[in-house]
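This briefing covers a pair of helices and a sheet. Please look at the sequence and the model before reading on.

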Amino acid sequence: MSPDPSSVRLHVVTGKGGTGKTTVAAALALALAADGRTVLLVETEGRQGIAQLFDTPPLPYEERRVAVTRGGGEVRALAIDVEEALLDYLDMFYNLRRAGRALRKMGAIDFATAIAPGLRDVLITGKIKEAVTRRHDGRPVYDAVVVDAPPTGRITRFLGVTAEMAQLARSGPIKTQSDGVMAVLRSPQTAVHLVTLLEDMPVQETADAIAELTKADLPVGSVIVNMATEPVLPVDALTRAAEGRLTGADLLPGLAPAHLPGGDDVADALAAEVTEHARRWAGQDALRDDVEALGRPTVELPLLTGPMDVGTLFELAGRLEDHVRAEVAA
């Protein structure tokens, strides 16, 4: 299923562990909030990764502004607390918030989510659906919702567990809520974006996740290649170095005018560094064909040096903003 980019309002971001999916989710939220839009960035795993990226105190179970973008847009963030989400659920459908608080004091909520792990995902996806569909004065409260979702290894289970709940509950509020969540998750307003690196395991896991999502009728969006090494030399020179045909002797004439101490040793060390870079680039370039074969819109984000801070997030957001615009225009 290929969602129309212009109609997508729920952006689910997943990826193999270590690919930087939380960073990409935050950058995507900034990109979508440009030009005066309001975006909610949702954390689902309780790691407070969003707070760390935006250098804010740990997020409570409350939607708080973490960034302002061009044109007066803003990104609000929410770290979903499963206990509070369950209290919301009990209050919304059964008017039992007070009873739910008593259950929490007794430890019953922790017990319930421990023996039924799927319940946690049901509550989280229910809260996400509520944010997507929430309206004020007839208009959506959020122009877009971005979810820092679980890794690719369990993304299909995370998004699809509510459908299993709907099958178990034949009628009543649980059935109605479950059907409503899946209606949003399988609709054209949802896209599941996959973050990968140009490495064998992440690319293969991305391919496997796309196959699973497609089989489950969940809409696959873009593949975002993160931390891609950009070539620092012309392609011909990189090819020569990757093939082991660059030596220190080749570099000496260019180094001589700098009068660097070390002479041959410096040239040999530089040649080794260039060769390592060239081979890493060649390996990544070969995997680009595998990513292209996935048949999904693709955008590359560069490997940036230095600490990851808000300024770096905005730099990545600029790259993603160009991709989002190109997708909508297409």
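At what angle do the axes of helix H11 and helix H12 cross? The axes of H11 (residues 248-255) and H12 (residues 264-292) cross at roughly 115° and come within 8 Å. The model is predicted: local features need pLDDT of at least 70, side-chain atom pairs count only at pLDDT 80 or more, and totals for chains, interfaces and linings use all residues. Residues are numbered from 1 along each chain as its sequence is written, and side-chain values use heavy atoms, with hydrogens and water left out.

**Terms**
- Helices (H or I, at least four residues) and strands (E, at least two) are DSSP runs, numbered from the N terminus.
- Axes are lines fitted to C-alpha atoms, for helices over the stretch in contact, and angles run from 0 to 180 degrees between N-to-C directions.

- On the H11 side, the contact (heavy atoms within 4.5 Å) is made by Gly-248, Leu-251, Leu-252 and Leu-255.
- H12 contributes Asp-264, Val-266, Ala-267, Asp-268, Leu-270 and Ala-271.

**The sheet**
- Eight strands form an open, mixed sheet in the order E3-E4-E2-E7-E1-E8-E9-E10; two strands pair if DSSP finds at least two bridges between them.
- Strand E3 (64-68) and strand E10 (298-302) are the edge strands, each pairing on one side only.
- Neighbouring strands of this sheet are turned by 25° against each other on average, direction ignored.

**Strands E8 and E9**
- Strand E8 (residues 190-196) and strand E9 (residues 220-228) run parallel and are joined by four bridges.
- Thr-196 has Val-225 of E9 as its bridge partner.
- Helix H9 (residues 200-215) lies across E8 and E9 and runs at about 165° to E8.
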